[in-house]
Amino acid sequence: MGSSMKKLYIVGNWKSNKTETEATEWLQGLRINDKGLINKEVILCPPFTHLPILKSYLLHLKSNIKLGA
């Protein structure tokens with residue numbers, strides 16, 4: 001039998017009150033390309049009011065971070 005590696009999901013429910021600028025600055029500080037995150041899916045769930053700006057920012061970075069609501 002072959003061994004299959006399960007994918008680990010890391011989901012963060014964002015409870016902080018940040019402005020759009022503070023939110024993008026905070027996102028810059030994440031180290032998602034860390035070797036410890038290989039085979040892991042990172043999903044952030046920010047307040048819905050920040051979804052459009054963060055989506056745009058993540059697309060600009062070509063980041064693997066996903067957004068949820």
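**Close-up views of a predicted model**

View 1. Glu41 is part of strand S2, which spans residues 40-45. The structure shown in this and the following views is a predicted model. Glu41 is a buried residue, because its relative accessible area is 14%, below the cut-off of 20% that defines the term. A polar contact of 3.0 Å links the side chain of Glu41 to the side chain of Lys7. When neighbours within four places in sequence are left aside, the residues in contact with Glu41 are Lys7, Leu8, Tyr9, Ile10 and Lys66.

**View 2. The open sheet of three strands.** The strands follow the order S1-S2-S3, and their pairing is parallel. S1 and S3 form the edges, each pairing on one side only. Strand S1 (residues 8-13) is joined to S2 by six bridges. Among the residues involved, Leu8 has Lys40 of S2 as its bridge partner, and Gly12 has Leu44 of S2. Between S2 and S3, which also run parallel, there are two bridges. On this side, Leu44 stands opposite Leu67 of S3.

**View 3. Burial of strands S1 and S2.** Which strand is largely enclosed by the rest of the structure, and which lies largely in the open? Strand S2 is largely enclosed, because five of its six residues are buried. In S1, the number of buried residues is zero out of six, so this strand lies largely in the open.

View 4. Helix H2 covers residues 51-61, and Leu54, Tyr57 and Leu58 are buried within it. These buried residues line one face of the helix, because they fall within an arc of 95 degrees when seen down the axis of H2. The face turned away from this buried side carries Pro52, Lys55, Leu59 and His60, which are exposed. Helix H1 (20-28) and strand S3 (66-67) are the elements against which the buried residues of H2 pack. After H2 comes Lys62, with a positive phi near 55 degrees.

**View 5. The β-α-β unit.** Strand S2, helix H2 and strand S3 together make a β-α-β unit. The unit is right-handed. Its two strands, S2 and S3, run parallel and are joined by two bridges.

**View 6. The largest nonpolar core.** In soluble globular proteins, nonpolar side chains tend to be buried together. The largest nonpolar core of the model consists of nine residues, namely Trp14, Ala23, Leu27, Val42, Leu44, Leu54, Tyr57, Leu58 and Ile65. H1, S2 and H2 are the elements that give two or more residues to this core. The most is given by H2, with three residues.

**View 7. Contacts of Leu27 within the core.** Leu27 is one of the nine residues of the largest nonpolar core. With which residues is Leu27 in contact, leaving aside its neighbours within four places in sequence? The contacts of Leu27 are with Leu44, Leu54, Tyr57, Leu58 and Ile65. Among these, Leu54, Tyr57 and Leu58 are the buried residues of helix H2. Leu44, for its part, is the bridge partner of Gly12 and stands opposite Leu67 in S3.

Key
Residues numbered from 1 in each chain as written. Predicted model: local features only at pLDDT ≥ 70, side-chain atom pairs only at ≥ 80, totals over all residues. Heavy atoms only, no water. Buried < 20%, exposed > 50% of the residue type's maximum accessible area, 1.4 Å probe, protein only. Helix = DSSP H or I, 4+ residues; strand = E, 2+ residues; numbered from the N terminus. Arc of directions from axis to C-beta. Contact = heavy atoms within 4.5 Å. Polar contact = N/O pair within 3.5 Å; in protein donor to acceptor, adjacent residues only side chain to side chain. Core = buried A, V, L, I, M, F, W, Y, C linked by side-chain atoms within 4.5 Å. Pairing = 2+ DSSP bridges. Right-handed = clockwise from strand over helix to strand, strands pointing away.
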